[in-house]
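Visitor: Please take a close look at the disulfide bonding here, and at the loops beside the strands involved.

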Amino acid sequence: VQLQASGGGLVQAGGSLRLSCAASGSTFSNYAMGWFRQAPGKEREFVAAISWSGGSTYYADSVKGRFTISRNNAKNTVYLRMNSLKAEDTAVYYCTADPGLAGISSQPSYWGQGTLVTVSS
């Protein structure tokens, strides 16, 4: 499966952004989807994940209550709505896919190219 993320940019602290990730090359609903991020000088970390049908979602504690992951299987797209952004949310955000829920939050099988989110304080 190929993943193409978009929607990153520069936003002020307290603002919002929505990331999108379009999938192609395979049956989208066969994959759990997720987002990871990597801040400058830090290791890549899990952000959020969603099950195949969208019925279950999972979040890192650092974004819980501020970020919302969703998917539209008819459009082969997963979204990450980010509200109340903080300077520490600045990172490259990667869209991920994996056939299983265990993999999507730890070691996803497929990665997109990343989109940069910069939050100014």
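Guide: The count comes to one disulfide, where a disulfide is a pair of cysteine sulfur atoms within 2.5 Å. C21 and C95 form the disulfide, with their sulfur atoms 2.1 Å apart. The pair joins distant parts of the chain, 74 residues apart: C21 belongs to strand β3 (residues 17-24) and C95 to strand β9 (residues 91-98). Helices (H or I, at least four residues) and strands (E, at least two) are DSSP runs, numbered from the N terminus. This is a predicted model, in which local features need pLDDT of at least 70 and side-chain atom pairs count only at pLDDT 80 or more, while totals for chains, interfaces and linings use all residues. Residues are numbered from 1 along each chain as its sequence is written, and side-chain values use heavy atoms, with hydrogens and water left out.

The torsion about the S-S bond of C21 and C95 is about -85 degrees, so the disulfide is left-handed. C21 has a relative accessible area of 0% and is therefore buried; C95, at 0% relative accessibility, is buried too. Buried means under 20% relative accessible area, exposed over 50%, and partly exposed in between (1.4 Å probe, protein chains only).

As for the loops, N76 lies between β7 (67-72) and β8 (77-82). Phi of N76 is near 55 degrees, a positive value in a residue other than glycine, and N76 is partly exposed at 28% relative accessibility. S84 is placed in the loop between β8 and β9. Phi of S84 is near 50 degrees, a positive value in a residue other than glycine, and S84 counts as partly exposed because its relative accessibility is 42%.
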